[in-house]
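Subject: Structure for your review

Dear colleague,

I would be grateful if you could read the notes under it with the model open.

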Amino acid sequence: MTRLMKHRLFWPVFSLLALIVINTIARPQFIKITMRDGEFYGALIDILRNCAPLMLVALGMTLVIATRGIDLSVGAVMAVSGAVTLTIIDGSSSPGSTSTVLVAILAGIGVSLVLGLWNGFLVAVLDIQPIIATLVLMLAGRGVALLITDGFITTVNSEPLNFVATGYLFALPFALFIWLAAAAAIAIVERRTALGVLTEAVGINPEASRLAGVRSRGIILGAYVASGTLAGIAGIIYSSNIRAADANAAGDLIELYAILAVVLGGTSLMGGKFTIAGTVIGVLIIQTLDSTILFLGVSSAQSPVFFAIVVVIVVLIQSPRVHQWGRALTGGFRTRPGTEVRNDAEVTA
Amino acid sequence: MERPILELTGATVYFGADAALDGVDFRLFPGEVHSLMGENGAGKSTLIKAITGALQLTSGELRIDGEVMHFGSPHDAQEAGVRAVYQEIDLLPNISVAENISLGTEPRRFGLIDWKEMRERAHAVLADLGLDIDPASILGRHSLAVQQLVAIARAISTEARVLVLDEPTSSLDLDECAELFRVIRDLKERGVAIIFVSHFLDQVYEICDRVTVLRDGKLVGEYLTREFLRIDLVQAMLGRSAESLRARPRLHLADERSTEPFLSARAVSVGSGINDADVDMIEGEVLGVAGLLGSGRTELARALTGIDKLDGGIIRIQGTDESLGNPRSAISLGVVYSSENRRTEGILSELSVQENITLALQAERGVFRRIRPARQRELAMSWVDALDIRPPDLDRPAGTLSGGNQQKVLLARLLALSPRVLVLDEPTRGIDVGAKVEVQNLVGELADNGLSVMFISAELEEVLRVGNRVLIVQDGRILDTVPSEDLTADSLTALVARPEAV
Ligand SMILES: Nc1ncnc2c1ncn2[C@@H]1O[C@H](COP(=O)(O)OP(=O)(O)OP(=O)(O)O)[C@@H](O)[C@H]1O
Ligand SMILES: [Mg+2]
């Protein structure tokens, strides 16, 4: 048991399960999954589907944070990619054709990749502090998205596009497969190549890594490119879900939720050691919390406060300091009692 | 005898399941300089951290002036008059020297920081240590030795009753040491109790009244320095006879050397650090580098290994001009550099010992050609064995090793690259007597196997012992290159300090 508790994913998983249990107690149908027309439905399925944009953004954010950076521009990149994709579909003569949608999606992802490259260039090559470098795009990106959509909310109705966010594959939401594939791809690349350890090295100490011959620049650049690209995919899922490109609402504040997810998952903002599985769990925690708010019918005025309170509790649950206090209170501190007895003896002697 | 100012009884510190310190008793009297001795990993730094509140005792107690104390943090200890300079310098590189010195004890005026006073205070205490630098300059710009002196300045800038110095002299030259010792004697006069850790026996015998020896976290004994023979001290630390420490004699090369140096540098200049330097590094030879603090030793090493860009001059490897624009390209040519600054330019504390050892090799192979985990383990294990890294645990974060063992991990990282030219900047810093001889022997062996080694050390005797030739650097210029047969410790000291005298 104690070995299990030492595992670094123990507390994140614990928090997630606790949230699910609390929800289920409040309303048992929370964990109910039903089959309709050969497709699964239920609150849990919704969580797995709706978390897709945040998941993709948080995965990219994990890589960036591992290099000691931060990417504030993800929300803006989402807006741009949604705008590019939907504007292309909107302008095409056959918005319902799969090939049109595929081309539009690739264009959206391509633009996001370039935006990621831009961030990476500012940070890795020009040595600009990540927070400032990505702030540029965070502020400018939505403007670009508005230019692309001519200042309107572009709405499209295209079957293949709708499928991205709301379609089903093998009885499960298609969006689930997108983020599973992204998480798996990152985890595999990181394990099967040396990317994981080299990224951590760069994050822990860039100068020491440089002296050891690590291509720090390339690795940092790569992380921002990954983050931009994943944010682009997230933007397309988001737009597909609302069937519109909304330059102002797309990915609003998502950078902060993504950072929160990464930290909840156990990756330090100081860079270095990171965990993909942790981030996945962190996102699921946030998404579960989000649906808890809906599910429990917390009014929209109260929901931010409710959200904040739960997040604080989750963070406290995971804090090593709090664990220490917990152990001290329950008297689990090794050898303490024995020492005190001996000290007394010495004093009297 | 008077009452000890500080007393530890049954001090025990556990890290996980291992005891780094196991029931150690220690006492310190006012006005004495007390040395803690022991091999790398013996528990010296752990004992010190327990005294300064940087670490909590698992059991045992600490008394100051007979009163049981419990320091929750170094700040509490400071309040009680215990100041410390840790082995791994804990200053902030991106703020000024003066701010570092006053950190936590900033002089205030009307509630605001009194910058003028701060600068004056810094100036005074630096002058006391014989260090003439601008207190307003940014700390990180200075060499490691200067940073070490600033850390000391910080510790003595406020009245302390107990001063703890964990390997304060590891990067200092003779002159700086002399200044430091003068200050220590002065403090001692004033009744300050001082704990002094160093792997240099000479220094211990010069300055310390009493020594406490630790081995594997346990107390071996407490002795008066003047009654304790060196050979007995070494034996107490190692737990075996000092006989086993035999420096192997360097093979002296035949006069007919290979016609062409492996690496040759001509008219190399870098910033203001090194000027117009010519260096030839020959296969099978150890080139010692001797020079004072700030003479350009490190700058020279960095220039030859692609760490810093050259402002002028050329470097040839086996006769072809090469531009070693960055460490990567130097490594691919077989030229590697081990930094003097282990903490900021060497070890990656959160990565495991295995990852640290295989890092450079992995980086050289590239991201996509990962070394198989089994091969990584095998490789790392072979170096852990060869260099006797302790504990031999490959999965432990490297930052939890003792200072000396971290140094060995760094050496292993470079040696795993099978380099042709090995540039070692203070490779024996912080390494204990036993391991030092091992490293020196290893350097000799590597040279015998055809490597070309540059060996930089502030300890001139070591340079002389290990080097076949000694390069003398002064004020960023290479003064001379002398075969070590033609030098003695004294003549080298004189050459380094005052060239015209010889
Ligand atoms: N944070 C830590 N976690 C786990 N083990 C640790 C930690 N810090 C130190 N140790 C272990 O405690 C032991 C004592 O280390 P310590 O740093 O006190 O040695 P030392 O005598 O100062 O050695 P050196 O001369 O190399 O500085 C070592 O075996 C070391 O690996
Ligand atoms: Mg130590």
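Predicted model: local features only at pLDDT ≥ 70, side-chain atom pairs only at ≥ 80, totals over all residues.

Ligand site

The shell around ligand 1 consists of 20 residues, and B:N40, B:G41, B:K44, B:S45 and B:T46 are the closest of them. Two helices of chain B, α1 (44-52) and α14 (403-415), each contribute at least two residues to the shell. The largest share, 3 residues, is that of α1(B).

For B:T46, a polar side-chain atom is 2.5 Å from an oxygen atom of the ligand. For B:K44, the corresponding distance is 2.8 Å. In the case of B:H199, an N or O atom of the side chain lies 2.9 Å from a ligand oxygen atom. On its own, ligand 1 has 650 Å² of accessible area, of which the protein covers 83%.

Nonpolar cores

The largest nonpolar core contains 139 residues, and the members that touch the most others are A:L59, B:I357 and B:L422. The greatest contribution to this core, 12 residues, is made by helix α4 (residues 52-66) of chain A. Beyond its neighbours within four places in sequence, B:I357 is in contact with B:A380, B:W383, B:V384, B:I389, B:V409, B:A412, B:R413 and B:A416. There is also a second, separate core of 51 residues, with B:A98, B:I152, B:L201 and B:V433 among its members. As general background, nonpolar side chains in soluble globular proteins tend to be buried together.

Two individual residues

B:E340 sits in the loop of chain B between β18 (335-338) and α11 (342-345). Its relative accessible area is 13%, under the 20% limit, and B:E340 therefore counts as buried. Neighbours within four places in sequence aside, B:E340 is in contact with B:L144, B:T298, B:D425, B:E426 and B:R429. With B:T298, the side chain of B:E340 forms a polar contact of 3.4 Å.

B:P373 belongs to helix α13 (residues 373-387) of chain B. This residue has a relative accessible area of 41% and is partly exposed, because that value falls between 20% and 50%. B:P373 and B:Q474 are 101 residues apart along the chain, and their C-alpha atoms are separated by 46 Å.

With kind regards

Technical notes. Residues numbered from 1 in each chain as written. Chains lettered and ligands numbered in written order. Heavy atoms only, no water. Core = buried A, V, L, I, M, F, W, Y, C linked by side-chain atoms within 4.5 Å. Buried < 20%, exposed > 50% of the residue type's maximum accessible area, 1.4 Å probe, protein only. Helix = DSSP H or I, 4+ residues; strand = E, 2+ residues; numbered from the N terminus. Contact = heavy atoms within 4.5 Å. Near = heavy atom within 4 Å. Polar contact = N/O pair within 3.5 Å; in protein donor to acceptor, adjacent residues only side chain to side chain. Areas by Shrake-Rupley, 256 points an atom, 1.4 Å probe, with all protein chains shown as cover.
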